Amino acid sequence: MDIAIIVGLDIISGIASLLLISAGLAVIFGMMKIINLAHGEFLMLGAYTTVLSVSAGINIWIAMLVISPIVVGLIGVIVERCLIQFLYGRLVDTMLATWGLSLVIVGTTTMIFGNTIVGVASPLGGFKVGQYQSSLYTPFLAVMAVLLMVLIWVVMRFTRAGLIARAVMQNPDMAATLGVNPAKVYMATFGAGAAISGLAGGLLAPVAGIVPTMGAAYIAKAFITVVGGGTSILWGLITASGLFGFINQIAAFLTTPVYGEVILFIAAVVLIRLLPMGISGKFFKGRL
Amino acid sequence: MTPTPLLETRNLTVRFGGVTAVNTVNFSLKEQELRCLIGPNGAGKSTFFKLLTGQLPPTEGHVHLRGQDISGAMPHQISRLGVGIKTQVPNVFNAMTVEENLWIAARRNHLPKFSTDLAEKIMVQLRLTGIAKREVGQLSHGQRQWVEIGTVLAGEPDLILLDEPAAGMTHDEVERTAELILEINKKRALIVVEHDMQFIKMIAKTVTVLHQGAVLIEDDVRTVLQDKRVQDVYLGKGLAA
Amino acid sequence: MPNMNGMKIALIGSAIAALGVITAPLYVDLFQLMQLTVFAAMAILALSLGFIWGYGGILCFGQTSFFGLGAYAYAIAAINYGDSTPALVIAIIVPVIFAALLGYFMIYGGISDVYLGVITLTVSLILLNLVNSTAGDFYKIGNARLGGFNGIPGVPTINMPGDSSYILSPEQAWVLTGLALIAVYLGLRALIASTFGRIIIAIRENETRAALLGYDPRVYKLLTFMIGGAVAGFAGALYVNWGAFVSPTIFALGLSAQIIIWVIIGGRGTLIGPIIGCLLVQWMVTEIGAQQTLDANFILGAVLIGFVLLVPKGIAPTIRDLVASRLQRNKSATAIEDVKP
């Protein structure tokens, strides 16, 4: 019985972590149809921002929930203005440029902070299920993932920015007819995607080993989730995270975490063979 | 007993979301027949061609080629059964020369040496010899259109679909295209989609009119052009001329 | 209808290069020769991506997967057989089978470039994690312990075919690797000039038209992807042979990025370009390694961004186009052809 609760918690936390690490990537993919290969570095920058803020004496909750998203969001806007905007309409080149950006960020961070692992202590204690020990931080991450989804849904559904975003997802040329400058839309998209990634990075800081190359540990899963989900930001993200999080945790429980990842990947490749546009390309066409 | 038609569609239908682009079309074409397909913009002519060549799967209904059901087959499979198409927007290999474009098309059925000869022959026929070594991407729209027709001929299909072959051509070029079509028709069946009524009059025997995805009328060219419904559909656009 | 002039130039150039490879041990010291050996193995890897991306139009971000699989397959087979000849064959077969499986799902699924790039990159990341986790006695294939993140040391290097006691000297290994690079280059040149090569270029140019002419793009793309896997696997085997050692870092993101950078710098749509790009970047990375101020990732990233923004075609095609337009101008000054049909 206890084991069932623990496995259940594992599945929930697996899904939640996929939601968190993939959300920023999904926003940029849904709007701009490119995969941001510097996504892992945005997560990393979010984590570093939290670590640095905490060591500067700032409250950890403010650090990860406020400062990390703002700082990384601003970095995203700067990147879009200085780099991405010159490559509009060239999908492959844009991806290559974000790959270059990823290397530049890793290199810069290494030069500044060195290649040593830093970290922050988890702000929450633990709890017990029978003989099993678990951290309260795990359910907290799940709650944060749900709140983030609700936030994205509210913004997309009820605000003017969301309306424009939905129009662009349907048809990029439509933004212009709404009297909106497409350049602004892309800048905002990249900023929002980066801010969400910064938030995720901040939230991961207490449970991750923070090094300049830490992004590589997350991107495989984030890529699989977003590619499997397809271009509809919210529904693609939620269905893919649910499906893959479940498969990953069950497989990891039955075998090892590494095989869990391999099985997850095989599941994703089979899925792509059947639904080349991802889950949302088939079932949630034109939805959020 | 009537001979099996070269091409036959039964209740052919395709829908995109709520729009029915092609609506229960029953169409039949004899061996070596020349048919013109007309209709206003959005009548479903190009979509119909896409269904015939496998670029789109039908939502309902069937396409038969010499009695064989080819609905849902892939474009390369249908091509190998002897169907060639010149699409509305020229589909050519831009980074290759005119000669290479034709050679690739011929090579599908023939050995290299014969392919070279066949490409040469078609270039002469289409007067492309002068630009044989030019990259197709650098040619004008009209020239690219000829190259595409060349690749279609080099594939030696029994049925050729031409989607607006006279678009963007000068008067002389239009006349030459008409002559060429009649010449091709001596050996092969054709379906020609065109807006230019002068052009239609030059080549047409039987005309099928599509309107809102369905067949409006199918008859002799003179009868069709005088038909009241057809004139209404076009709102007099170029028909009176 | 390949361009026979180009082929002639390639043959003459290759003959000169082969002569250079064979005589190099006479005037290059051993340390530099070793360096050149690894450069040549990497250049073969560059050719594999240059071929599938530049000619097949397949955007593979994880070409190092096949390189690494070839390297591991060679190491495991060489340890088990004690002879490099079957190991070399296996180092090609394993990545080809892997490419066939992976390629089938991606290409027959009809996924977009963006998806293909991301999925291939993900494959290399997952292989990295997978091989990293194989520490301990449990993970053994025959006599070969996979060794997890420590990798496999002491891999038998290449011997004379049929005589496993005659191990090639470093000089001989250099000549072998250098000549292999030239052979792979010429082999791919010939392939591109063949009907198969013409067809894959046609598919790259216009997949719809190729299909409408009766060619199945999926078959040709899958074959191209598999050939790329074979060449990369072969390069992997030569790479292991250089250091007698292989570790999971061969699958790491850094190398995936470098391969892309080689091809971007050198240029897509040529074979000499990726070789040039590879040699330039390898030389640069070696130089950066010698200093402490700037991080190698930083420079590589900056170079990649710079080329994407400023020289998107890469070095070789840019030079080729410049020369061509110069020639064209000279020609059109003398004769204005009538090009109307």
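What radius of gyration does chain A have, and how does it stand against that of a compact globule with 288 residues? Select chain A of this predicted model: its radius of gyration is 19 Å, and this agrees with the globule, because one of 288 residues would be near 19 Å.

Next, colour chain A by secondary structure. It shows 12 helices and two strands, in the sequence order α-α-α-α-β-β-α-α-α-α-α-α-α-α. Colouring by burial instead marks 50% of the 288 residues of chain A as buried. If contacts are drawn between residues of chain A at least 6 apart in sequence, 77% of them join residues at least 24 apart.

Now turn to chain B and select its open sheet of six strands, ordered β6-β7-β8-β3-β9-β10 with mixed pairing. At the edges stand β6 (83–86) and β10 (214–220) of chain B; each has a single partner strand, so one side of each lacks a neighbour in the sheet. On average, neighbouring strands of this sheet are turned by 20 degrees against each other, direction ignored.

Within the sheet, select residues 34–38 (β3) and 189–193 (β8) of chain B, which pair in the parallel sense over four bridges. B:Leu34 has B:Leu190 as its bridge partner in β8(B).

Finally, select residues 45–53 of chain B, helix α1. This helix lies across β3, β6, β7 (159–163), β8 and β9 (206–211) of chain B, and runs at about 150 degrees to β7(B).

Technical notes:
Residues are numbered from 1 along each chain as its sequence is written. Chains are lettered from A and ligands numbered from 1 in the order in which they are written. This is a predicted model: local features need pLDDT of at least 70, side-chain atom pairs count only at pLDDT 80 or more; totals for chains, interfaces and linings use all residues. Two strands pair if DSSP finds at least two bridges between them. Axes are lines fitted to C-alpha atoms, for helices over the stretch in contact, and angles run from 0 to 180 degrees between N-to-C directions. Two residues are in contact if their C-beta atoms, placed from the backbone, lie within 7 Å. The radius of gyration is taken over C-alpha atoms; the globule rule is 2.2 Å times the number of residues to the power 0.38. A residue is buried if 20 or more other C-beta atoms lie within 10 Å of its own, exposed if 12 or fewer, and partly exposed in between; C-beta atoms are placed from the backbone.
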